Amino acid sequence: MAKKRGVVSASNPQKNAAEMATPVHAKLVLEGALDIAGAAELRERLLQALDGKQSVVVDAANVERVDTAALQVLTAFFKDAVAQNMDVRWQECSQVFKDAARLLGLHDTLAIH
Amino acid sequence: MAIDMEQFKVTYIEESLEGLDNMESHLLNLEPGSRDEDAINTIFRAAHSIKGGGATFGFSNISEFTHVVETLLDQIRNGEREVTQQAIDLFLESVDCVRDMLATAQGGGQSDASRSTELKAQLDALLVSDENFQPDAHPMPGDSQASPDEQSIASEWNIRFKPFPGMLATGNDVVRMFRELAELGELHTKVNFAELPALTDLGVEDCYLSWEATLKGQCTLEDIKEIFVWVEDECELVITAAPSLESSDSIDSKDRSTDDKPVSGINGASDHGVNVTTAAARPSSLPSENKSKPQNKTTAERRANAESSSIRVDIDKIDSLINMVGELVITQSMLSQLGEEFDIERLEKLRDGLGQLERNTRELQESVMRIRMIPISFAFNRFPRMIHDLCNKFGKKVQLKLSGESTELDKTVMEKIGDPLVHLVRNAMDHGIETPDKRAEAGKPETGTVHLNAFHQGGNIVIEITDDGAGINADKILKKAIQRGLVEEGIELSQARIHDLLFQPGFSTADEITDVSGRGVGMDVVRKNIQALGGTVDVQSTIGKGSKFTVRLPLTLAILDGQLVRVGDHTYIIPLVSIVESLQVHNKNVNAIAGKAELYKLRDEYIPIVRLYEAFHIEPDSRSLENGLLVVVEGDGQKAGLLVDDLLAQQQVVIKSLETNFRRVDGLSGATILGDGTVALILDVAGVIRVSQGRISHHDSINANGVAA
């Protein structure tokens, strides 16, 4: 399978800060296959985002596949973020991603509509 | 995305058959009342995978049947049930039954459902019988596969699903399972993530979530369970019909059922529970696919070809093969380099190189042949079961001893030797071993022994079947033979000759005919089959002590040790195993019989002379017997002298089938390609004798046989 796995890029917060106006926020791009194989990596990325204490915009427009493990990691992230009063928003979600979240009953917690 | 499921089915069936063999051998070792956890677990796992695969590939009869077996096994595994002889016997029968089902699945066609139904009823009865053994009314939550409501259709189901933490790591994905559920009807999911830790403490492969779902739609409990079949022992799963429609057989979800009612719209998103509605996309397309049984047209032919077409090869063998090819490539490049700048002084080097090439080729050939070699334990494995069954049947006590199970032989030979071996072992059980009281009378231990032994000897594999039973009564055989007119009265026969009579068609010494052996259609077939493989079978026996049958087989059918002979311009190959001796003809020993045949007096026997040039209508060097050589061969228990012009080398030849490349020819078993590129035909000794005997009268052939000489 030649598809890219997991989270591929999140742009550098400093660069974002230089280019964009306040409020400062980090952007997280999720794409390709989000699955158990990439879940550890995804968790690392999300932990970094939590440490940044900035608001986060998540782009899941190009997620082609998502499984329970990945959704679970994201759910934990959202819960923690809400607990820390961080602002997390979706820029866009692929249909696959939305459907999976809905199937597991996680779409409200993940604030996907 | 169209995936060819057929290829996986084949693998599934092969693996299941292996699993069944495994189950069987462990079941046979299981003593009633034992708590051998390893064995029970192995048996359980085998049943579990067969069930799971069966459901996946749409063999619902297999998965349903195995499910009951598995449930029983699970109770035994959990210590809720004792291992009884009754259970072991039932399991063994179930193994046979599933084996049949798999054979049917493989070959297509209809299986005998009555047997499985009956067996399943027995298993169910057992399942219910010692209910008192366990506190709960139901063995396992949701394990009511056999209960009548299995097939009942409810329009609303409550599903409580709590995966064990390790479930995701085994490759099972809840998203996928729920997607399949959603295809059955309208699915409402409510997740519980009370146990979900903070991201910092989260193990990414552990599952912390659990779900409660309601499924609205016309489907059966079975449809739902099919989805969860692979994770059954990796989760807590409770499926109940919604109480509004049907009385629930559930144990503990009644108190929750009111909460389970889907709430339309979005209710207040609490931290712990959210209701979701997912529309049914393609209702019930999946189960209908899964249920269609593979009932195909070409039953008969496919079953006939049931001999397995794939082979498992030890990785070591492949590695050594690759090494060998590497060597060959090196040698080849050395030779080609030598060829580029060749002068006569390097002749020695060229010779060395060619010698090396020869060595490499031979080694490579041997390695390739070894790939087809599998240990004889594959053929031996069926015997413990057979002995077990036959012991029950005859009321005899027999201990089976196996040795040399790791002796390897060609897969094709193995497949063909199975039935003859079964025959021989059955005979040993039926005629050989006596009943316990008779044995006690004879001062022997009550338990008899049947010993199967295999070993290599020269280029052959030798299989010995030894029993310590009554032995073969030579007088009785002789009497029977005289009665049947096989032997003339008053003739002295050696012990070996008498034993040889056992292999005559239609011969049986059993006083009464049983369905195991004694109809006299055994031993001659055994010998014929073994001879067809280029092997021999002998018997040695001592009255009161037991008998020993020795089967000798070539290691492989693809290569043969041959004697090259020349007749005129043609080269023929005579299999070395069938050659007794070669000699020069002395005219004084030749007797012609009334223009029909010529006999050669070889010591105390008369053997017919077969002039090969006549048999094959070719022009020889000389038609005179004295100028040629006589090769004495033996085939089908008959000797004959083949007249050839010259003996050439002995060499191993690779057998090419004449039937696939040309057509079947009487008297020839195949062909091979010689070193100079010409084709040489391999003689089928028995066939040649038969062909030539077409010209000899019946009476003469009996004399020629030497039986009465």
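Which residue forms a salt bridge with B:E24? B:R99 does, with the closest N and O atoms 3.3 Å apart. The views below come from a predicted model.

**Figure 1. B:R99 forms salt bridges with B:D21 and with B:E24.** The side chains of B:D21 and B:R99 meet at 3.0 Å, N to O. B:D21 sits in helix α1 (residues 5-29) of chain B and B:R99 in helix α4 (residues 85-107), so this pair ties together parts 78 residues apart in sequence. For B:R99 and B:E24, the N to O distance is 3.3 Å. B:E24 also belongs to helix α1 of chain B, so its pairing with B:R99 in helix α4 ties together parts that are 75 residues apart in sequence. B:E24 counts as buried, at 6% relative accessibility. B:R99 is partly exposed at 22%. B:D21 is partly exposed too, with a relative accessible area of 37%.

**Figure 2. B:R385 and B:D389 form a salt bridge within one helix.** Their closest N and O atoms are 3.3 Å apart. Both residues lie in helix α14 (residues 382-394) of chain B. They are four residues apart, about one turn of the helix. B:R385 counts as buried, at 6% relative accessibility. B:D389 is partly exposed, at 33% relative accessible area. Over all chains, the structure holds 30 salt bridges.

**Figure 3. A:F97 is among the residues with the most contacts inside the largest nonpolar core.** This core has 71 residues. What does A:F97 touch, not counting residues up to four places away in sequence? The list is A:L34, A:A60, A:V63, A:V66, A:L71, A:L74, A:W90 and A:I112. A second, separate core has 50 residues. B:I376, B:V539, B:F549 and B:L555 are among its members.

**Figure 4. Chain A meets chain B through 28 residues of chain A and 34 residues of chain B.** The area buried between the two chains is about 2500 Å². Carbon and sulfur atoms give 68% of that area. Between chain A and chain B, the salt bridge count is zero. Polar contacts are present: 11 residue pairs across the interface, both residues at pLDDT 80 or more. On the side of chain A that touches chain B, α2 (39-52), α3 and α4 (95-103) each supply at least two residues. The largest share of that side comes from α3(A), with 10 residues.

**Figure 5. Chain A has four helices and four strands.** Along the sequence, they follow the pattern β-α-β-α-β-α-β-α. Chain A has 113 residues, and 53% of them count as buried. Among contacts in chain A with a separation of 6 or more, 79% are between residues 24 or more positions apart. Chain A exposes about 5200 Å², with carbon and sulfur atoms supplying 49%.

**Figure 6. Chain B has 23 helices and 23 strands.** Chain B has 709 residues, of which 46% are buried. For contacts in chain B between residues at least 6 apart in sequence, 72% join residues at least 24 apart. The accessible surface of chain B is about 35500 Å², and 50% belongs to carbon and sulfur atoms.

**Figure 7. B:R603 and B:H617 have positive phi values.** Most residues other than glycine have a negative phi. Phi of B:R603 is near 50 degrees. B:R603 lies in the loop between β17 (597-602) and β18 (605-611) of chain B. B:R603 is exposed, with a relative accessible area of 59%. Phi of B:H617 is near 55 degrees. The loop that holds B:H617 runs between α20 (612-616) and β19 (629-635) of chain B. B:H617 counts as exposed, at 69% relative accessibility.

**Figure 8. B:G326 lies in helix α11 (residues 315-340) of chain B.** B:G326 is partly exposed, at 30% relative accessible area. B:N360 is 34 residues from B:G326 along the chain, and their C-alpha atoms are separated by 9.7 Å.

Definitions and conventions. Residues are numbered from 1 along each chain as its sequence is written. Chains are lettered from A and ligands numbered from 1 in the order in which they are written. This is a predicted model: local features need pLDDT of at least 70, side-chain atom pairs count only at pLDDT 80 or more; totals for chains, interfaces and linings use all residues. Side-chain values use heavy atoms; hydrogens and water are left out. A nonpolar core is a set of buried Ala, Val, Leu, Ile, Met, Phe, Trp, Tyr and Cys residues joined through side-chain atoms within 4.5 Å. Buried means under 20% relative accessible area, exposed over 50%, partly exposed in between (1.4 Å probe, protein chains only). Contact means heavy atoms within 4.5 Å. Accessible areas come from the Shrake-Rupley method with a 1.4 Å probe; for residues, only the protein chains shown count as cover. Buried area is the accessible area (1.4 Å probe) that two parts lose on being put together, summed over both. A salt bridge is a side-chain nitrogen of Lys or Arg within 4 Å of a carboxyl oxygen of Asp or Glu. A polar contact is a pair of N or O atoms within 3.5 Å; within protein, one must be able to donate a hydrogen and the other to accept it, and residues adjacent in sequence count only if both atoms are side-chain atoms.
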